[in-house]
Amino acid sequence: MADLLDQPGIRVRRAPLEPLHVLHCDPDDAEALGAELGVTLPTAPLRAGDGAGPRALHLAPDEWLLVGWRGEAALTRPHALVEVSSRSLTLEIEGEHAVALLSAGCPLDLELMPVGAATRTLLGAVQVTLERQRHCFRMQYWRSFDSYVTGFLQAAASDLPAPVAS
Amino acid sequence: MEFSALTLLSNALSGHRKWERQWRSPEPKRAYDVVIVGGGGHGLATAYYLAAKHGVTNVAVLEKGWLGGGNTGRNTTIIRSNYLFDESAALYNHALKLWGGLAQELNYNIMFSPRGVLMLAHTVHDVQSAQRHVHANRINGVDNQWLSAAECKAFCPPLNVSPTARYPVLGGALQRSGGTARHDAVAWGYARGASARGVDIVEQTAVTGIRRAASGEVTGVETSRGFIGAKKVAVVAAGHTSVVMDMAGLRMPLESFPLQALVSEPVKPVFPCVVMSNTVHAYISQSDKGELVIGAGTDQYPSYSQTGGIHQLQHALEAIVELFPMFGRMRMLRSWGGIVDTTPDRSPIIGKTPVKGLYVNCGWGTGGFKATPGSGDVFAHTVAHDEPHPIAAPFSLERFTTGELIDEAAAAAVAH
Amino acid sequence: MLLIPCPHCGPRAEIEFRHAGEAHLVRRTEGVDDAEWGGYLYARANPRGLHAERWRHIHGCGRFFNLMRDTVTDKVMDTGDAS
Amino acid sequence: MRLSTGGRVDRARPVSFSFDGRPMTGFAGDTLASALLANGVHLVGRSFKYHRPRGVFGAGVEEPNALVGVDRGEGRWEPNQRATTVPLYEGLTARSQNAWPSLRFDVGALNDLAAPLIPAGFYYKTFMHPRRAWEKLYEPLIRRAAGLGTAPTEPDPDRYAQHWAHAELLIVGSGPAGLAAAMAAAPSGRRVILCDLDEELGGSLLSRPDAVIDGRPAWEWLESALATLCAAPNVRLLPRTTAFAYGIDNLVSLAERLTDHRPPAAATGARERLWQVRAGQVVIASGAHERPLVFPGNDRPGVMLASAAETYIRRYGVLPGKRVVVLVAHESGLRAAEAARAVGAEVKVVDLREEPAPEATRGRLRISGVKLRSGWEPCDLLLMAGGWTPALHLFSQSRGTVAWSEERQIFLPGESAQPETSVGGCNGTFGLDDCLAEGWAAGGDTGPRPSAEPGASGPSSPLARPDSADGRAFVDFQNDVTAKDIRLAVREGFRSVEHIKRYTTTGMATDQGRTSNINALAIASDALDRPVPAIGLTTFRAPYTPVTFGTMAAMTRGPLFDPVRTTPIHDWAVAQGAVFEDVGQWKRARYFPRAGEDMHTAVARECLAVRAGAGLFDASTLGKIEVVGPDAAEFLHRMYVNAFLKLGVGKCRYGVLCREDGFVFDDGVIGRIAEDRFHVTTTTGGAAGVLHMMEDYRQTEFPELKVWLTSTTEEWATIALQGPRARDILSPLVEGIDLDPESFPHMALKLGRVAGAPTRLWRVSFTGELGFEINVPSIHGRAVWEAVWEAGQRFGITAYGTETMHVLRAEKGYIIVGQDTDGTVTPFDAGLGWAVGKTKRDFVGKRSLERPAMLRADRKQLVGLDLPDGATVPEEGAQIVDPAEPTRAIGHVTSAYASACLGRPIAMAMVRGGRERIGPVAIAGEGAPVPARVCGTVFIDPEGARLSG
């Protein structure tokens, strides 16, 4: 898809839609349910599974966001599995100034956010789900906020602080 | 000494060396008929009316800091009475009537300035709510009128009424008789008036306990300067009310939140009235000194620190810049924080308590200044007669048991 | 703006949270008279000093949790999960 | 006078500017103040109250006098700028303030003659009679006299940026102490931010070329130090950046000025940037302010702080006067004397530690002489070295407690409240070497530290005790507060520093009392004969120096002021020319006017079309929550007033949600998708609040229940198809769903496909007509909407908006929570008693509904109003009265519309004891009350035949 932003040190583009499901369950059942779903559910807080195929973002003690998981599963333990594939839009933000761009609106210490971490947080006035991957940040937000989020990033990109000498 | 242009002149001739203290600062007596806990506007007004209207002069006002150092000296001085419910309208309108003649009554220029309070409506729901207020006020004899967006612009020229604004102004409710007053002068004026009528004003004296007889009624207060006996104790401690009432074993329906405000650098007259918007959270007027006086919101957590988060000041100024884009280059000069005691229904508590001889006047939240004279008057009556003033009666503590709330907040008119 | 230690997500800026009032209020709906019920609904400790209170990390993990905070210094003492 | 050599200005780069229309030239590196002095301009402004002539007094943010307006073109006028902090740029246009007709001849100066009549607080004592005169006459006069500059009148065209930053070490101030801290910390690799409000980094070193550090001239050392820091990848240097607020948990707010130092034409990008820095450790190195001396006539142009003169000479190469008298109460004043002598000025040093302060000065627009013990001494520059006041602002903002040093007569940082260290001048450390040592230690103390020969570090002199000789000795220069004013306040019983400040206005001016607070305290303590701490020091508040509203608002302006939320069908509605309304953050189509239609006619047409054929309505903004788990039914049963345990799969139920206090909080239809799965809908505005409240009970009150909540508001687009032809339109589009009324009755739901998209199809109605709500995944919303639109054409399908929806539901007596209820209404008040599960042991709000006030017969209850034919539509909010007692309201109109279907207005109202009151009432208004009759709330099809059609 077309880039929303393409300037030195920053590239922002829309990620293709993927199946998304919210899984809630008792943390003690996570491993078993993960096995039945065919997705490894990270147990460490705010971790995202990696590798090819479906992965899970551990956003809350009893909540995982399944990305790219398709299909049916007969699950034997109490849980709530809800499809939200249409709920959100996802942007990929890459480049050496990606942290600076997001820091215009995100209060997290993104410089120290490790690759493979994922969390809900804020971008300006909007709640986003932020995942740091090897080459980019993936930022997910509810679709009705699209004009705000894209407008925010475009405005921020035009006034980035100069990078620290290095 | 009478205050007037004449005394000013005569004192000028003597190099202003003959002015007396505006209020006495005596050593506290061993006992009083009434001890008022809290030397803010409401407490001092209570003392003044006890002496002036009920002949109760054996009164002490105990203030742990300096007079008017609490919310009286930390608010945005907005005065209005356009409240929705009959009970609130009666209370605040009673206050508004007293404001009109207060400078003359106290012989102290408290600078009441009825410049008009305009409350903006930005959504269909706002309009419905505002018009409900206008109608309810009209039938209660409270001045309040509906203005179109164009009329709002005419009344307040700096206002941005562009239909393309994020929340365009759809109109507003104007109370012409509302306005502002000089907050410090209110405390000083009441203190001077009360002191002249025999009330002892005792600053830098903290109440540390409330002493009760075996039979339960109050007998006085422990203070940082020793025990002071009292037949009646009237607590008017604003943000610290819960702390004081706890000394009598009472758990109050109150939480104390930080409330911040700020002023800009002074400029020549540019803002002719008071403008409030509950939807974009803006409260602004211009002081006699030329500063834009801007109210911010309360922080979400209870605190006694008299400081709040910078983001509250930001939200306030975001709204101001949105409504008045030409103020983007104005500068914040000072900010400050107060502690506001808020009740679940955002209406005050004025009256008796389960403890005999103990009275309380609190819960004014973000809107107490405007009520100062009325609050003092009806509370003085309540204390003097051990019987709620008719206007105060609905604001009893019992309403939180019976459920007879006066919920201005629920009715979408957050007091400010 | 406070920095609030979320038991699940670690320290986060206050704007990610919503304050949820005094902690440890017990909801008893049966066998309580109007005064007791009114006390549960409305009466609050509102202490000057340590305050046991509830927060929700509404823009994070969404969990409610308790913490102790000094209402004079606004310093947070400790946290624990509310449930 | 500009010196031929010396200073940091670039004489090769002249810069032209103008002041009050007079063209002048300065150099790159000048401030407006240094350039004015270089051009021999000493009269720069007029004071606030007496309009006394004033000149440049300081060289930085402490400046109380030299305030000017700077004009950067359309919308870019800014009043009250300190000339001492305005960097000079090509074409700079500055104007003086508070003077008319001109700065030299200002009629306002008449106030000066009236000074004896208008001492501190005079306005509290007069202007009270006659009563109306205050607002009509006196106040307007006072207001016109007050205020300094004039406010901008056009919208501010500039942008403001914002940035969250995190650093292990934030250093505020780049003088010797701050620099040393940064140098020490840099090698550690910790993230360091060093900010300074000045145009260039270096702090006091910029005025100390004579100093020697590590054996090198100070400026040479500074250059290499900055080069080192610049090269460090972990150090961010922020000149032109003011740390203006120090919040809890070490959040420090910085204002960075990005463009104001450039000519307007060259100023691109954001004007300022707001930094929110969360710092592990903060080093405050904000220096100290020199104290003026308080003596009669100490305010004339040409009276200046000694350190300021030193700065003008050494940093800017400007000599502010040729005949210089230096009043030395602190040895640091001798440096200014040396500096002036070194460039050929005639200098007389008066040591106030040995002789009394001057008795008077003279010179109208510039000082020409000072009266010393020895008699009148001619001079054109009078310097004051009154000692130093540590800049405790940020330390105090950090909630640290300040401590008074009786022996040094200064306030010092006491106990820290946060991870913070004060170093250098703001810590009372004035010697150059001591500052370097302190900073180095605070920065981590690694390796050999830079060192210098010790500089002036002697104790500050005792505070000047002005005698009360005649003549006015100014304390607060900008607000014209004199020593006498402060003594007057004390005489009148104002004893705490807060009272004195508020009564006299000392310290309340735009310089925030930097030069006045300490002297005011000293005078009060003298007048009261009590030690300074007994009078107290006001705690400092943000901002450190004034900050623009624009910077505080930063990016939260215009389109980013608050998010605009739109549905998948929004663009279609825009294309159809819909008029929108704001509901929360959502834009909702209110009505779809055709050419020439106003709202009334459009809504009438839409209403009739729905009841006659079919209407299409975008309900996507309704909140949706998926409640899933073995205990889902039990959870809803406990939350809602309704019974939910027995609701069958494939069935819907209207649910009412109360707050714990028993008042209606929200409502919506709830469908059971499966045994363990419910699709809950909420109001548009209530969605977030309902989820928050449900999570609260789920997590803290009912943790034993196995149930979880997921917001699906934006997962589903919701398309309401309403009207007698709804089934005809829908049937060709559905797959796997039998629309037959028997198998698909009212309040049922089925899963299947519509127009190719998976759907949760509900048979529900908010109009009283046969109706369906088509829930499809948002990505299919627009396509399905258009498919239904196409299929509906031959049935005259009409798109309708929220206004029409409101009319249609009102005709059926369906309530809108938030309009017909207001947070003081119980389900019984709202006529929803039927929904309350009678046999339920508990639900949220149940106990509260048993309170006395909830059971009173005279509570306001929702009723219909039967209005006479030809009556106009009453205003919503209009008050209802008993015709017998028209002055007392017994209720109010909650909803009122012109019903096109009935051909007359209809209304609902909350009326005291309404349901018992069936009969005549009146609606109060501007004119005579309008008669009406209380009736039921259902105006159309009471038996519901159309619904089941």
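# A tour of the chain interfaces

Between chain D and chain B, 59 residue pairs are in polar contact, with both residues at pLDDT 80 or more. This is a predicted model. Keep both chains on screen for the opening stops.

**Stop 1: helix 3 of chain D.** Select residues 133-145 of chain D. This is helix 3, and it gives seven residues to the side of chain D that touches chain B, the largest share. Now colour that side of chain D by residue class. It divides into 47 nonpolar, 35 polar and 36 charged residues.

Stop 2: Chain D brings 118 residues and chain B brings 98. About 9200 Å² is buried between the two chains, and carbon and sulfur atoms give 55% of that area. Pick out D:Tyr124, D:Arg143 and D:Phe549. In chain D these three lose the most area to chain B, together 10% of what that side buries. Five pairs of chains touch in this model, and chains B and D have the most contacts among them.

**Stop 3: a salt bridge.** Show the side chains of B:Arg115 and D:Glu139. They meet in a salt bridge, 3.8 Å from N to O. The count between chain D and chain B is 10 salt bridges.

**Stop 4: a sheet across two chains.** Select strand 16 of chain B, residues 331-342, with strand 30 of chain D, residues 547-548. The two strands pair in the antiparallel sense over two bridges. Zoom in on B:Met332. Which residue stands opposite B:Met332 in strand 30 of chain D? It is D:Val547.

Select strand 14 (residues 282-286) and strand 15 (residues 292-298) of chain B. They run antiparallel and are joined by three bridges. Look for B:Ser285, which stands opposite B:Val293 in strand 15.

Stop 5: Chain B has 10 helices and 18 strands. Its radius of gyration is 21 Å, close to the 22 Å that the globule rule gives for 416 residues, so chain B is as compact as a globular protein of that length. The C-alpha trace spans about 65 × 65 × 40 Å.

**Stop 6: chain A beside chain B.** Bring back chain A. No contact joins chain A and chain B. Their closest C-alpha atoms lie 11 Å apart.

**Stop 7: chain C against chain A.** Show chain C and select its contact with chain A. Here 11 residues come from chain C and 15 from chain A. About 1000 Å² is buried between them, 58% of it given by carbon and sulfur atoms. Highlight C:His8, C:Arg12 and C:His59. These supply 49% of the area that chain C buries against chain A, more than any other three residues.

Finish on A:Asp62 and C:Arg63. Their side chains meet in a salt bridge at 3.5 Å, N to O. The count between chain C and chain A is one salt bridge. Six residue pairs are in polar contact across this interface, both residues at pLDDT 80 or more. By class, the side of chain C that touches chain A has five nonpolar, three polar and three charged residues.

Notes:
Residues are numbered from 1 along each chain as its sequence is written. Chains are lettered from A and ligands numbered from 1 in the order in which they are written. This is a predicted model: local features need pLDDT of at least 70, side-chain atom pairs count only at pLDDT 80 or more; totals for chains, interfaces and linings use all residues. Side-chain values use heavy atoms; hydrogens and water are left out. Contact means heavy atoms within 4.5 Å. Buried area is the accessible area (1.4 Å probe) that two parts lose on being put together, summed over both. A salt bridge is a side-chain nitrogen of Lys or Arg within 4 Å of a carboxyl oxygen of Asp or Glu. A polar contact is a pair of N or O atoms within 3.5 Å; within protein, one must be able to donate a hydrogen and the other to accept it, and residues adjacent in sequence count only if both atoms are side-chain atoms. Helices (H or I, at least four residues) and strands (E, at least two) are DSSP runs, numbered from the N terminus. Ala, Val, Leu, Ile, Met, Phe, Trp, Tyr, Cys and Pro count as nonpolar, Asp, Glu, Lys and Arg as charged, and the others, Gly among them, as polar. Two strands pair if DSSP finds at least two bridges between them. The radius of gyration is taken over C-alpha atoms; the globule rule is 2.2 Å times the number of residues to the power 0.38.
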